[in-house]
Amino acid sequence: MTDDYGEGNLITQTEAFLNDVFSDWADAIKALETCQQVLPYAQDLHVVSRCIDSLAMKACADPNLFNWPASECNNTQKISIWNGISTATKPKSTGDDWWFGDVSSLSFPLYKLFIFALESRSMKPEKIAASLMCYANRYIPLMNRQSSFSSGTNYANPGASISSLSEAEQRALLEEIVDLLPNKREVTSTHLLLKLLRAAMVLHASPSCKENLEKRVGAQLDQASLVDLLIPNMGYIDTLYDIDCVQRILDHFMSVNLHSSHCIIEEGQPLSGSGSLTPMTMVATLMDGYLAEVAPDVNLKPLKFETLASVIPDYARPNDDGIYHAIDIYLKAHPWMTDCEKEQLCRLMDCQKLSLDASSHAAQNERLPLRVIVQVLFFEQLRLRTSISSWFFVDNVESSRNPSGNLGLPKIDGSRQMVPVQDRVKGDGGMKERVSELEKEYFSMKEALQKIVMTKKSWKTFAKRLVSKQKSQLCNPKESKRCSLKEQAFSGNGKQNHNNAEVVH
């Protein structure tokens, strides 16, 4: 079979044929698929390794620079170049993912060898992760299914999966794919990682696999969406969503990002003062929204709600409107809570960081404890006084700068334009109107507080005090009248005795 017995013998012809096969993308894919039936013999003859190396070289190269085909392109034709080299058709439009679908048809052992070959050729981790997700979508149907509690149905993308694997085979495949994912942040999107995590929970994957996915999600939690975090509960806990899983993800995010956030605060830089929000602020907003979504669950214990909400530090929230909204929903869904439990829950928010609309709503919210409402009204009054004093301070400063009574306003050229006294009086009138409006709002909140106080007090105690007060008022005039009559009688008797004494004398 060698050339020792004749020129152009079988081995030479086989090598020439294999070189033609390896030079073409589609032929190399077909050769690998054929090798699956006789895999041990193909590996011993190094046919598998040569096919994989050829495919990896073409996948790492730019398809626009070479005439390597993709199998999904139709209307192909052969092109002969001047030196006689024959190539197949170049795809109509190729991108970085042109080879994903072709290699997904390989069995997982061969596909795994292909991924190792790509890593050895220093392919970008983003492309490797995208290829792995494409392979998972093809053989794990749960990756293309989303459950909806509102409608009680599961939505799947038809035609996205052609899996005929059993549940145990899908579980093993998912664990292998998770191990092959590049261990680098932001290589795989948080959306896809959460889809893998949800599928791992349904397929009862190993704890190490789920822990690996939870840490990956926690490292880039600021890129997650609220819908992806609503993972249905697959355990024996009564809650609708898997809150423990989100708790572990959040704890991992805090362990990674808490030190950097503290450094920003110590340097004196505002957490959200720049044009873009920091990861800590984005996660705080995300968790407030998540708490508002899970709050209507009647089986959600107050301790679990508090534990999840208290992980976010106070400085991460620009305002506490989001956490107040979540607390209000939770109190509405759990009306049997005691006042002590409500006060403990309300400690999660800072009344000073509520916006004007949230403060107005909280001052009239009958579900809140009385102490919290008093705090809201107190800080509203303090805010009102601060704003009024600042206005008067600015007014006094401008008056001291302009003794003539005219208000100096800057012009475009840098000089100051003097405003007449009449215009200034109009401005003062507008400020007084604003002050009067704020005073009206304060008195309305104060009246609402008084109504709540009346409803909170015991009518029985109030009635007893009222009756005792009325009795004291009724008894005091009679005693004073009796005392006055006695004094008049005594004085009259004294005068009469004195007159009698004078007559005797």
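**Reading rings, helices and loops**

Mentor: Let's start with a group to find on screen: Phe108, Tyr111, Tyr135 and Tyr139 form one aromatic cluster. This is a predicted model, in which local features need pLDDT of at least 70 and side-chain atom pairs count only at pLDDT 80 or more, while totals for chains, interfaces and linings use all residues. Residues are numbered from 1 along each chain as its sequence is written, and side-chain values use heavy atoms, with hydrogens and water left out.

Trainee: How many aromatic pairs are there by the ring rule?

Mentor: Rings of Phe, Tyr and Trp (its six-membered ring) pair if their centres lie within 6.5 Å; planes under 30 degrees apart are stacked, over 60 edge-to-face, and the rest tilted. By this rule the count comes to nine aromatic pairs. Take Phe108 and Tyr111: their ring centres are 6.3 Å apart and their planes are at 40°, so this pair is tilted. The two residues sit three residues apart in helix 6 (residues 108-120), so about one helical turn separates them. Helices (H or I, at least four residues) and strands (E, at least two) are DSSP runs, numbered from the N terminus.

Trainee: Are Phe108 and Tyr111 buried or exposed?

Mentor: Both are buried, meaning under 20% relative accessible area; exposed is over 50% and partly exposed lies in between (1.4 Å probe, protein chains only). Now look at Phe378 and Phe379, whose ring centres are 5.3 Å apart with planes at 65°, so that pair is edge-to-face. Phe379 is buried at 19%, whereas Phe378, at 48% relative accessibility, is partly exposed.

Trainee: At what angle do the axes of helix 7 and helix 8 cross?

Mentor: Axes are lines fitted to C-alpha atoms, for helices over the stretch in contact, and angles run from 0 to 180 degrees between N-to-C directions. Helix 7 (residues 125-139) and helix 8 (residues 167-180) have axes that come within 10 Å and cross at roughly 170°. They are therefore roughly antiparallel (over 145 degrees; under 35 is roughly parallel, 65 to 115 roughly perpendicular, the rest oblique). Leu132, Tyr135, Ala136 and Tyr139 of helix 7 make the contact with Gln170, Leu173, Ile177 and Leu180 of helix 8; contact means heavy atoms within 4.5 Å.

Trainee: Which residues of helix 17 are buried?

Mentor: In helix 17 (residues 356-363) they are Ala358, Ser359, Ala362 and Ala363. Seen down the helix axis, these buried residues fall within an arc of 130°, so they line one face of helix 17. The arc is that of the directions from the helix axis to the C-beta atoms.

Trainee: Which residues does Asp328 contact beyond its sequence neighbours?

Mentor: Asp328 lies in helix 15 (residues 321-333) and is buried, with a relative accessible area of 11%. Leaving aside neighbours within four places in sequence, Asp328 is in contact with His361, Asn365 and Arg367.

Trainee: What about phi in the loops?

Mentor: Most residues other than glycine have a negative phi. His46 has a positive phi of about 60° although it is not a glycine, and its place is the loop between helix 3 (39-44) and helix 4 (47-60). Glu186, also not a glycine, has a positive phi of about 70°. Glu186 is found in the loop between helix 8 and helix 9 (190-202) and is partly exposed, at 43%.

Trainee: How many helices and strands does the protein chain have?

Mentor: The chain comes to 20 helices and six strands, and buried residues make up 36% of its 505 residues.
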